Amino acid sequence: RIRRELLNDFQTLVLRDYQRNNIYGLEKFWAFLHYRRDKRKLQLNPVLKKLLSEYKTIQDFRDKEQILKSPILGALEGDAPEFPPLNGPNEQILSTSAPVRSVWGVRRGTN
């Protein structure tokens, strides 16, 4: 079983990665879905689901990476994502499950 908040964080980070024209996270998320033992349906972000539909094999990611790295083909490809940022301009949220205050920053004997 996978924790829902962990899955949501994974999806959020993959989309942020993709917004920066990096498909590494998308590839890892695809591999997670493809190779996991538990094949029950997961609730996926619709944008992420659409992006993943373009890839059927790991080689598809390799081919896309070559296009994105090419100074000529990458510019012609026009793959800059067209969806809005996940958070508003003033928000700094990375994780919905991250603690608000770190427990590691508390020293013993000080209050």
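**Reading the helices**

Biologist: How many residues does H2 have, and how far does it reach from its first C-alpha to its last?

Modeller: H2 has 12 residues and reaches 16 Å from first C-alpha to last, close to the 16 Å expected at 1.5 Å a residue. The expected span is 1.5 Å times one less than the number of residues. Helices here are DSSP runs of H or I with at least four residues, strands are E runs of at least two, and numbering starts at the N terminus. H1 can be read in that way too: 16 residues, with a reach of 23 Å, close to the 22 Å expected.

Biologist: What should I know about the source before going on?

Modeller: This is a predicted model, in which local features need pLDDT of at least 70 and side-chain atom pairs count only at pLDDT 80 or more, while totals for chains, interfaces and linings use all residues. Residues are numbered from 1 along each chain as its sequence is written, and side-chain values use heavy atoms, with hydrogens and water left out.

Biologist: Where is confidence lowest, and where is it highest?

Modeller: Read pLDDT as the predictor's confidence in each residue, from 0 to 100. The chain mean is 75, and 63% of the residues reach 70 or more. Confidence is lowest in helix H5 (residues 73-77), at a mean of 51. It is highest in H3, at 94. Residues 79-84 fall below 50; beyond near neighbours in sequence, that stretch has 14 contacts in the model (heavy atoms within 4.5 Å). Residues 91-100 are also below 50, with 9 such contacts.

Biologist: How many helices and strands are in the chain?

Modeller: The chain has 5 helices and 0 strands. From the N terminus, the order is α-α-α-α-α. Among contacts between residues at least 6 apart in sequence, 65% join residues at least 24 apart.

Biologist: At what angle do H1 and H2 pack, and how far apart are their axes?

Modeller: Two packed helices are described by the angle between their axes and the distance between the axes. For H1 and H2, the angle is about 145° and the axes lie 7 Å apart. The axes are lines fitted to C-alpha atoms over the stretch in contact, and angles run from 0 to 180 degrees between N-to-C directions. H1 brings Leu7, Phe10, Gln11, Val14, Asp17 and Tyr18 to the contact. H2 brings Tyr24, Gly25, Leu26, Lys28, Phe29 and Phe32. By class, that is 8 nonpolar, 2 polar and 2 charged residues. Nonpolar covers Ala, Val, Leu, Ile, Met, Phe, Trp, Tyr, Cys and Pro; charged covers Asp, Glu, Lys and Arg; the others, Gly among them, are polar.

Biologist: Which residues of H2 are buried?

Modeller: Buried means under 20% relative accessible area, exposed over 50%, and partly exposed in between (1.4 Å probe, protein chains only). By that test, 22% of the 111 residues count as buried. In H2 the buried residues are Gly25, Leu26, Glu27, Phe29, Trp30 and Ala31. Their cover includes H1, H3 and helix H4 (58-69). Ala31 counts as buried because its relative accessible area is 19%. The C-alpha atoms of Ala31 and Thr57 are separated by 9.1 Å, though the two are 26 residues apart along the chain. In H1, the buried residues are Leu7, Asp9, Gln11, Val14, Leu15, Arg16 and Tyr18.

Biologist: Which residues have the most contacts inside the largest nonpolar core?

Modeller: In soluble globular proteins, nonpolar side chains tend to be buried together. A nonpolar core is a set of buried Ala, Val, Leu, Ile, Met, Phe, Trp, Tyr and Cys residues joined through side-chain atoms within 4.5 Å. The largest one here has 14 residues, and Leu26, Phe29, Trp30, Leu48, Leu52, Tyr55 and Phe61 have the most contacts inside it. H1 (4-19), H2 (24-35) and H3 (46-52) each give two or more residues. Tyr55 touches Ile23, Leu26, Trp30, Asp60, Phe61 and Lys64, not counting residues up to four places away in sequence.
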